[in-house]
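Dear colleague,

I am passing a structure on to you and would be grateful if you would look through it.

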Amino acid sequence: MKTYRAMVLVSNDPLSIERGSQQVYTKLTEEIAAYGLQDEISLSMVSDIGRHDAAPLVIVYPDAVIYGPIAPENVHTLVEEHLYKGRVVAGLQAPLKEMTGRIAWLSARKGTLPAEQRIVLERAGLIDPESIEDYIIHDGYAALGKVLGEMKPADVISELEKSGLRGRGGAGFPTGTKWKFVSKADGAQKYVICNADESEPGTFKDRLILEGDPHSIIEAMTIAAYAVGASEGYIYIRGEYTLAQERMHRAIIKAEEMGFLGDQIFGTDFSFNLHIHSGAGAYICGEETALIESIEGKPGIPRARPPFPTTHGLWGKPTLVNNVETLANVPAILRRGAAWYHSFGTPSSPGTKVYTMLGNVNVTGVVEVPMGITLREIIAIYAKGMKKGSSFKLAQTGGSSGSVIPSSLQDTPMDFDSFSKAGVSLGSGALLICDEDTCVVDLAKVLLNFFRVESCGKCNPCRIGTQRAFEILTTITEGQATLNDLDTLLELSSNLAMMSNCGLGQTAGTPLVDILKYFRAEVEAHIRLKVCPAGVCTMKPHVHPEEKVHQHA
Amino acid sequence: MPTIKNLDDLKRIREEALEKKKLKTASGNVQVVVGMGTCGIAAGARETMKAILDAIEKDNLSGISVTQTGCIGLCEREPIVMVTVGEEPKVTYGKVTPEVARRILKDHVGAGKVVEDHKIAM
């Protein structure tokens with residue numbers, strides 16, 4: 001991808017098209033060319049950005065100025081003034097009224113981008129994670145004090161339901177609803193578990209929270225325990241995260257000393273104890289029922305569901321399992337209220353999302369942005385474009401079990417509903433961004449190899465299906481496959497999705513389906529022409545290095 | 001450490017901690033914060049931290065508090081060091097090797113000159 005000094009987006013939802021966004025786009029192309037700016041400015045269409053009162057919209061980055069409604073006859077002024085001379089055309093800007101969600105966020109930060117909206121990562125990288133005083137200075141434990149002092153458990157749950165917070169682990173289940181299920185479940189003993197077994201390849205957002213702001217998770221879990229009526233909690237931290245475990249361990253001791261954990265918290269009758277459980281390196285233990293089995297001391301093998309953990313969880317008792325990022329949202333919501341939370345993101349997916357950017361981009365790392373930002377914006381603004389002038393081919397969202405997003409979908413707003421409408425999933429927030437040198441078959445092979453190794457082996461579809469899919473993909477990369485094999489792959493994928501016991505098998509086929517849907521020509525080239533268009537696959541039968549040695553010996 | 005019984009206790013602790021922090025940032029004092037997440041440590045933040053502490057000890061510098069923090073999300077630029085001199089705005093440095101850390105202490109902390117080639121625009 002080339003580096004541009006500015007990026008212009010034109011809204012392209014049905015309403016905008018009706019109001020002439022296509023003509024605006026054509027006119028923009030002409031005017032930009034007339035001023036000779038085509039090599040400096042990128043122009044693209046973007047789908048619905050939720051500002052219908054001013055459609056069609058034209059957004060200019062990096063200033064993040066929103067113009068609208070724009071008619072073809074305004075385009076000349078806009079290009080001459082803003083793009084050529086660099087002056088904002090105040091008269092064409094979208095009216096400020098009713099600015100909510102993402103547009104309000106962009107507007108509030110125009111001229112200062114790239115800025116992020118930090119709720120979850122508010123304190124990460126700012127405070128000393130080993131100092132509880134530092135956390136308290138930054139409004140720490142204020143939400144817990146408010147909850148225990150002023151709110152009934154039912155109020156906490158209803159506030160959370162109002163906030164519209166959805167699980168950030170990947171599935172996007174409404175958090176308030178889950179809390180309600182556990183609070184209504186029968187049983188004197190209940191548990192709260194924080195799922196910090198972040199094992200999706202490429203995701204490291206939870207580690208950042210645990211290492212940078214451990215007390216926020218303790219505070220959130222204590223609030224959760226109060227709301228659902230639990231007295232014991234576990235943080236299941238991935239075994240590789242030794243630093244996160246150490247810091248969390250010290251944070252728990254400090255919190256106990258100061259009375260934020262233990263008996264009679266904040267002088268009330270409410271008691272809560274928190275324990276750390278270290279994972280042992282199994283990907284499957286990120287699945288909540290396997291995680292529960294693992295805490296119970298058994299092999300990490302998922303249970304059959306239903307019954308769900310909300311009624312039959314840890315040691316058969318009602319259990320709340322939440323992801324780290326989900327929990328990190330909770331204190332902020334309760335401190336500032338559900339309405340405040342709704343001012344970020346989109347109506348159906350309020351709030352922010354933490355993404356880890358990696359792959360062939362200029363800047364890798366972690367960003368927290370409001371829900372509804374598009375992939376194109378993330379790549380251009382936060383990742384600072386593709387590496388070495390390459391062009392965007394595909395992105396994989398949410399680690400291995402996520403979807404493959406082709407360039408045609410990079411203008412889809414990144415929120416739970418828009419993504420599921422487009423037939424892809426948001427997942428845990430990893431963005432693996434690949435350029436044109438990536439071979440889709442090779443990518444799928446790597447993923448299936450991962451699943452085949454990580455499958456727990458409990459159910460046949462997953463244990464055998466992932467192995468067979470890997471073998472077929474290997475024959476494709478070796479130039480030995482037939483077109484029939486592609487049908488077999490699709491059949492395998494659908495069987496995996498329908499018949500597997502847990503999420504691992506159910507999602508293992510997703511990348512296969514996506515690749516055959518969006519990149520079928522490239523896959524067929526491997527079979528019909530026996531070439532790898534990206535030049536990755538050797539198209540020769542693979543000889544294991546050890547076998548070679550034996551032959552020579 | 002005191003046990004917190006109610007919101008007033010929390011407020012009091014918060015104010016005491018703030019007061020302590022203010023003393024630290026009083027004019028002339030210097031705060032050096034090293035990013036010590038896994039990414040920072042992998043990129044050599046421990047060596048950077050050690051170099052800073054060694055230099056402070058060797059040159060017998062005073063009025064400098066060195067603390068750690070987690071990752072701020074710019075994993076690409078680790079190790080990251082943030083320097084606040086008195087009431088001046090915070091300066092964030094990226095790719096701080098022990099060598100660069102010594103330069104920061106000498107030029108920025110010692111002579112008030114920001115080390116421009118390692119500064120990250122925030």
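Predicted model: local features only at pLDDT ≥ 70, side-chain atom pairs only at ≥ 80, totals over all residues.

Chain A is divided into four parts: domain 1 covers 1–113, domain 2 covers 132–339, domain 3 covers 348–431 and domain 4 covers 440–528. Between the centres of domain 2 and domain 3 of chain A, taken over C-alpha atoms, the separation is 27 Å. Their contact involves 17 residues from domain 2 of chain A and 18 residues from domain 3 of chain A. On the side of domain 2 that touches domain 3, helices α9 (205–212) and α13 (324–336) of chain A each contribute at least two residues. That side of domain 2 consists of 4 nonpolar, 8 polar and 5 charged residues.

Two open sheets of chain A come next.

One open sheet has 4 strands with mixed pairing, in the order β2-β1-β3-β4 of chain A. Its edge strands are β2 (41–46) and β4 (65–67) of chain A, each of which pairs on one side only. From one strand to the next, the twist averages 20°. Strand β1 of chain A, residues 6–11, pairs with β2(A) in the parallel sense over 6 bridges; A:Ala6, for instance, has A:Ile41 in β2(A) as its bridge partner. Helix α2 of chain A, residues 21–34, lies across β1, β2 and β3 (58–61) of chain A and runs at about 155° to β1(A).

Another open sheet of 4 strands has the order β7-β6-β5-β8 in chain A, and its pairing is parallel. Strands β7 (273–278) and β8 (319–323) of chain A each have a single partner strand, so one side of each is left without a neighbour in the sheet. Neighbouring strands of this sheet are turned against each other by 20° on average, direction ignored. Strand β6 of chain A, residues 232–237, runs parallel to β7(A) and is joined to β7(A) by 6 bridges. Within this pair, A:Glu232 stands opposite A:Asn273 of β7(A). Helix α11 of chain A, residues 242–257, packs on the sheet and touches β6 and β7 of chain A; the direction of α11 makes about 165° with that of β7(A).

A helix pair in chain A also deserves a description. Helix α6 (residues 142–150) and helix α10 (residues 214–228) of chain A pack at an angle of about 15°, and their axes are 9 Å apart. Because angles under 35 degrees count as roughly parallel, α6(A) and α10(A) are therefore roughly parallel to each other. Their crossing is left-handed. From α6(A), the contact is made by A:Ala143, A:Leu144, A:Val147 and A:Leu148, and from α10(A) by A:Glu219, A:Thr222, A:Ile223 and A:Tyr226. These residues divide into 6 nonpolar, 1 polar and 1 charged.

Finally, there is the contact between chains A and B. Here 31 residues of chain A are in contact with 25 residues of chain B. On the chain A side, the elements that give two or more residues are α5 (132–137), α6, α9, α11 and β10 (365–370). Of these, α9(A) gives the most, with 4 residues. The side of chain A that touches chain B divides into 17 nonpolar, 8 polar and 6 charged residues.

With kind regards

Technical notes:
Residues numbered from 1 in each chain as written. Chains lettered and ligands numbered in written order. Pairing = 2+ DSSP bridges. Axes fitted to C-alpha atoms, helices over the stretch in contact; angles between N-to-C directions. Contact = placed C-beta atoms within 7 Å. Parallel < 35°, antiparallel > 145°, perpendicular 65-115°, else oblique. Left-handed = near helix turned anticlockwise from the far one by under 90°. Nonpolar A, V, L, I, M, F, W, Y, C, P; charged D, E, K, R; others polar. Domains from an automatic or database assignment.
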